[in-house]
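Hi,

Here is the structure I promised to pass on to you. Have a look at it first, and then read my notes below.

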Amino acid sequence: MTSDFERAAEEFLQQIGREHYQNGAGLKENLDIIPIFDRYGWIFERSTVEEALKREDKEGRYIAAFVADGFLDADVKELSEKITNQMTQAKIEWQGEQVPYRRATLVLANEPDPGKRHDLEDRILTVTDSQNTDRVERMQHMHILAKDLGFTNYLVMFDQLKGIRLDWLLGEMKQLLDTTEAIYESELQHYLGEIGVAPDEATPADLVYLFRAPQFDGLFPQEKLVPSLKATFIGMGIDLDAQKNIHLDIESRPTKSPRAFCAPVQVPDEVYLVISPRGGQDDYKAILHESGHAEHLGSVSPDLPFAFKRLGDGSISESYAFLFDNLLKNRNWFIEILEQRHVDDYLRLARFHKLWIIRRYAAKLQYEQLLHTAEDIPSMRNKYAEILGKALKLNVSPANFLADIDDGLYSANYLRAWIFEVMLRKHMEDSFGVLWFRTKKAGDMLVGMWKQGQEFSVDELAHQINYEMLDTQPLMQELAR
Ligand SMILES: [Zn+2]
């Protein structure tokens, strides 16, 4: 692989990153990624992919994962763009108004009446379902291409290229679902009772509303959102105001994506942290989470090779993101940063939220194992509803059977990151005390890890902090408590 390749790949990532930033931030209506793929098409041609797949060194493995993934993306780019643009432009009729599809979830989260909430949820799902023919076609294409590249199937391709150790992870997640079932069920009953929803009528929309949790808004004032973020980092010796390469985008815009994201246009020189403030704990969680990505990617050593700056194990950056959003489950953080002491009820809900989301991803991974080996994709609709419904003990609509799935087994990245985050956090507490986030030494340790970019997988990072390997026990113990 020549440096021509690396230069072109870097330009490609910058242009795609900028396009996603501008569209997601609501600054640009259409997502124009096709011209970018056309310009850099040769990066993802079969011959480049085949050459990369022959490499066995670490940089080569990361490049192979990137080009193979891009080879699939390039083939479905028209469908991807069509689906994204439909989502940006779609409107939902709601109480005499036309609500943008992307914004409807925010309206849903704030609808206290269960009947109205379920009605709006149905309307959102109808729009989602109307895009599913395109999503099926897109997935079918990607499944065929994975086999064309010589892999048994799509699942095996990403497991191997990303070093996921899928069999191990699926085994651990089965155990996690079993271990946490009783506590999940009793907490769910408790909270459904609080919001007045009968368990046999409950849907994911009810939990979206529950986790919006307006009763705790007083703990999370809008005007303290950015100052508390800065205070958290300054406690570790990291001054956000001095970091000219990290841009905070918190302005509200009508077509801004409701899902917060970090857009690393140039690593480490131009990183955007984008959130769409809606009030309450979600904003705090999102800004802390995305700041973990932004600090990681904004601190990467500029001298690293392209593959270690830009590619590699996606679980690494997620681990840092989780380390910070998890501060919202830390009583000491509330005392130190928000000067709040009466947080018991909030912490209970925050723990339930984490349990819910990890069970959801564990179930998604089980479903993806079937989806990505299925001959007939449309027939997987009901499997999705069944597997997710069983894990979450809710009425789950089949309409999200593809919209809820991220490409390239990203759910496994999240799960591996949740496992590693607890290990890392315990290491920080053991080394620097429970107030680790108030010590410069902890900040120095993190910056040292961030500099390494994505050279080392979370399995290797576990080694760096004195573990044998990834260990799910700390996460399971924390969740089952
Ligand atoms: Zn993330």
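The lining of the largest cavity is made of three nonpolar, two polar and two charged residues (Ala, Val, Leu, Ile, Met, Phe, Trp, Tyr, Cys and Pro count as nonpolar, Asp, Glu, Lys and Arg as charged, and the others, Gly among them, as polar). Those residues are Gln281, Lys285, Leu328, Lys329, Tyr346, Ala350 and His353. On a 1 Å grid over the protein atoms alone, a cavity is a set of points where a 1.4 Å probe fits but cannot get out, a pocket is an open set with protein on both sides within 12 Å along at least five of seven lines, and lining residues have an atom within 4 Å of a point. The volume of the largest cavity is about 40 Å³, counted as the space filled by probe spheres set on the points, which are joined across faces, edges and corners. Helix 18 (344-371) gives the largest share of this lining, three residues (helices are DSSP runs of H or I with at least four residues, numbered from the N terminus).

A word on the model: it is predicted, so local features need pLDDT of at least 70 and side-chain atom pairs count only at pLDDT 80 or more, while totals for chains, interfaces and linings use all residues. Residues are numbered from 1 along each chain as its sequence is written, and side-chain values use heavy atoms, with hydrogens and water left out.

Next, the metal. Which protein donors does the zinc ion have? They are His289 (NE2), His293 (NE2) and Glu318 (OE), 2.1 to 2.2 Å from the zinc ion (donors are N, O and S atoms within 2.8 Å of the metal, or 3.2 Å for Na, K and Ca; water is not among the atoms, so sites may look incomplete). His289 sits in helix 14 and Glu318 in helix 16 (residues 314-325), so this pair ties together parts 29 residues apart in sequence. His289 is buried at 12% relative accessible area, and Glu318 is buried too, at 4% (buried means under 20% relative accessible area, exposed over 50%, partly exposed in between, with a 1.4 Å probe and protein chains only).

Finally, the second largest pocket holds about 440 Å³ of space. It has 18 lining residues, and the closest to its centre are Lys329, Arg351, Arg425, Glu478 and Arg481. Helix 18 turns up again here, giving the most to this lining with six residues. By class, the lining has five nonpolar, two polar and 11 charged residues.

Cheers

Key
Helix = DSSP H or I, 4+ residues; strand = E, 2+ residues; numbered from the N terminus.
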